[in-house]
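Open the structure in your viewer and get ready to click along. Each stop tells you what to select and what to look for there.

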Amino acid sequence: MNFEIHNSPDIFDRLEPEWNALVSRSASNRIFSTLEWQANWWYAFDPGPLHVLTCRDAGGRLLAIAPLFVDRIDGERVLSLVGCKEVTDYLDIIIDREALDDLLPAIVDQFCRMQPLYDRIEICNVPEASPVLKALPQLLKSRGFNVEVRQEDVCPVVELPATWGEYINSLDKKQRHELRRKLRRAQAPALDVDWYLVGPEHDLDVEMGHFLELMAASDHAKSSFLDGPGNRDFFRNIAAVMMERGWLRLSFLTIGGQRAASYLNFVCNNEMLVYNSGLRPDTWGHLSPGIVLLAWNIRHSIEEGMSRFDFLQGNETYKYQMGGRDEAVFNLYARSL
């Protein structure tokens with residue numbers, strides 16, 4: 001096995017022909033591991049020295065990528081995965097499934113060799129089902145690290161049935177009644193409620209401007225977040241890339257021709273990922289536009305043949321009212337003894 005560490009961001013360009021093919025062969029086959037996400041996150045935030053660890057077999061085939069960087073947190077140098085941890089819901093080391101058992105111990109050995117670069121390791125937002133999460137703590141402990149694994153958050157997920165009727169019937173009786181009531185009210189002709197998905201016929205930059213306005217209007221926390229350095233640019237850039245790849249599902253609900261709610265979703269591996277949302281609660285809150293648009297998104301996902309509807313991180317009540325069941329994500333912290 002041939003390991004290399006790449007410090008220049010041009011590694012994203014050089015690995016472009018191989019990166020996503022490896023992601024598709026890995027257990028971390030999620031949109032947040034793709035080259036598109038990783039590179040755009042890096043260029044948007046550029047948080048510290050880059051150290052992308054790659055492994056190839058004797059024939060030159062790419063077997064693993066650990067896209068790492070060193071951040072400064074509380075005066076310490078922290079080795080983390082690119083994307084950790086804001087705006088990225090799932091992360092993992094990208095390893096060919098067929099080679100994982102052999103490669104992961106060797107990757108940990110590489111972490112040990114890199115120790116002059118960092119004071120501690122923090123690998124965040126790893127899904128509970130990750131084989132890396134299962135094996136990595138013990139491998140690090142065996143090499144003299146003190147390791148702690150803590151749950152970071154939950155990602156409520158709906159396993160989608162074949163039909164909208166089956167989905168509705170899967171909900172709690174009270175929630176089923178409430179959802180039907182809200183949908184009936186939204187369909188009253190006098191309200192002139194409609195929705196649309198942004199497609200090639202739309203100006204994405206203009207539509208993203210509308211989305212960011214609605215996101216900022218949702219609550220103070222979202223507004224403050226968007227004012228942070230790089231965040232608005234990241235949203236615009238990642239939406240453009242997702243649109244180009246056919247992975248974007250940006251939807252709007254309109255009332256009387258005015259945009260009242262929006263969802264920025266992604267499609268990956270036959271799953272719909274609810275990345276972020278926006279609405280005007282002071283103006284339209286009494287009509288529950290966010291829930292109505294969410295329901296229409298779920299119905300559209302079922303009609304597209306999606307298998308899962310992933311709400312991503314956060315335990316907001318509405319996710320469970322719409323049928324979400326928790327899947328956890330964890331952070332791993334390690335420090336050499």
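Select Q110 and show its neighbours: leaving aside residues up to four places away in sequence, Q110 touches F3 and L53 (contact means heavy atoms within 4.5 Å). Q110 is buried, with a relative accessible area of 13%; buried means under 20%, exposed over 50%, and partly exposed in between, using a 1.4 Å probe and protein chains only.

A word on what you are viewing: this is a predicted model, where local features need pLDDT of at least 70, side-chain atom pairs count only at pLDDT 80 or more, and totals for chains, interfaces and linings use all residues. Residues are numbered from 1 along each chain as its sequence is written, and side-chain values use heavy atoms, with hydrogens and water left out.

Which residues of α4 and α5 meet? L100, L104, P105, V108 and F111 in α4 meet P131, V132, A135, L136, L139 and L140 in α5.

Select R30 and Y90: the charged end of R30 sits 4.1 Å from the centre of the Y90 ring. Then pick R259, which lies over the face of F252 at 5.7 Å from the ring centre.

Finish at F234 and F235, which are both buried.

Key
Lys NZ or Arg CZ within 6 Å of the ring centre and 35° of its normal. Helix = DSSP H or I, 4+ residues; strand = E, 2+ residues; numbered from the N terminus.
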